[in-house]
Amino acid sequence: MRKNADEAKANYFLGLAAEQDGRASEAASIWRAMLAKAPSTAPWRPLVLAALARVGGGGPAAPVLSDDTIAAAKDMTETDRSAMIRGMVDRLASRLKQNGDDVEGWLRLVRAYMVMGDRDKAKSASADARQAVANDAERLRALNEGLKNLGLDG
């Protein structure tokens, strides 16, 4: 077990070095690979998720749209497309209200609200996220780092 922990630490720092050298996509690849191999209870997951959010690397839990959904969206009016996007964001918000320990999910939600131009909802979601992970210092730290990188550090 100690060897696995050392490997995770080494890989995290390899990703950090890549990020600092301006190779954000390489850093994201390293960190995504770490998350793919890691147990969901790995204590360092929030740190890696925050690092991924920092470099814009998405993450393994990013929703994947089916080819049919993408094709349907191309034929939609702008109003219908906006409604579809709002529906996906609303479903993410509902899921997070049920299970609020998903730091990456909270960061995706806040980012989505900001992209949609709804800074008030982004701030509200960040407050909800902080409350949801308040009892987990590592998750809270990762969340705060991710929010700071999104421009919502207060």
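1. Let's start with helix α6, where V103, E104, G105, W106, L107, R108, L109, V110, A112 and Y113 are buried (buried means under 20% relative accessible area with a 1.4 Å probe, counting protein chains only). Helices here are DSSP runs of H or I with at least four residues, numbered from the N terminus.

2. Before going on, a word on the source: this is a predicted model, where local features need pLDDT of at least 70 and side-chain atom pairs count only at pLDDT 80 or more, while totals for chains, interfaces and linings use all residues. Residues are numbered from 1 along each chain as its sequence is written, and side-chain values use heavy atoms, leaving out hydrogens and water.

3. What covers the buried residues of α6? The cover includes α3 (45-55), α5 (78-98), α7 (119-132) and α8 (137-149). Contact, here and below, means heavy atoms within 4.5 Å.

4. The length of α6 checks out: its 13 residues (103-115) should span 18 Å at 1.5 Å a residue, and the end C-alpha atoms are 18 Å apart, which agrees. The expected span is 1.5 Å times one less than the number of residues. After the helix comes G117, with a positive phi near 80°.

5. Now for α6 against α7: their axes are 7 Å apart and they pack at an angle of about 170°, so the two are roughly antiparallel (over 145 degrees). Axes are lines fitted to C-alpha atoms, for helices over the stretch in contact, and angles run from 0 to 180 degrees between N-to-C directions. On the α6 side the contact uses W106, L109, V110, Y113 and M114; α7 brings R119, K121, A122, A125, S126, D128, A129 and A132. By class, that contact has nine nonpolar, one polar and three charged residues.

6. α3 and α8 make another pair, with axes that come within 8 Å and cross at roughly 5°. That makes them roughly parallel (under 35 degrees). P46, L47, A50 and R54 of α3 meet E138, R139, R141, A142, E145, G146 and N149 of α8.

7. Zooming out, the chain has eight helices and zero strands. Of its 154 residues, 36% count as buried. Among contacts with a separation of 6 or more, residues 24 or more positions apart account for 48%.

Note on methods. Buried < 20%, exposed > 50% of the residue type's maximum accessible area, 1.4 Å probe, protein only. Parallel < 35°, antiparallel > 145°, perpendicular 65-115°, else oblique. Nonpolar A, V, L, I, M, F, W, Y, C, P; charged D, E, K, R; others polar.
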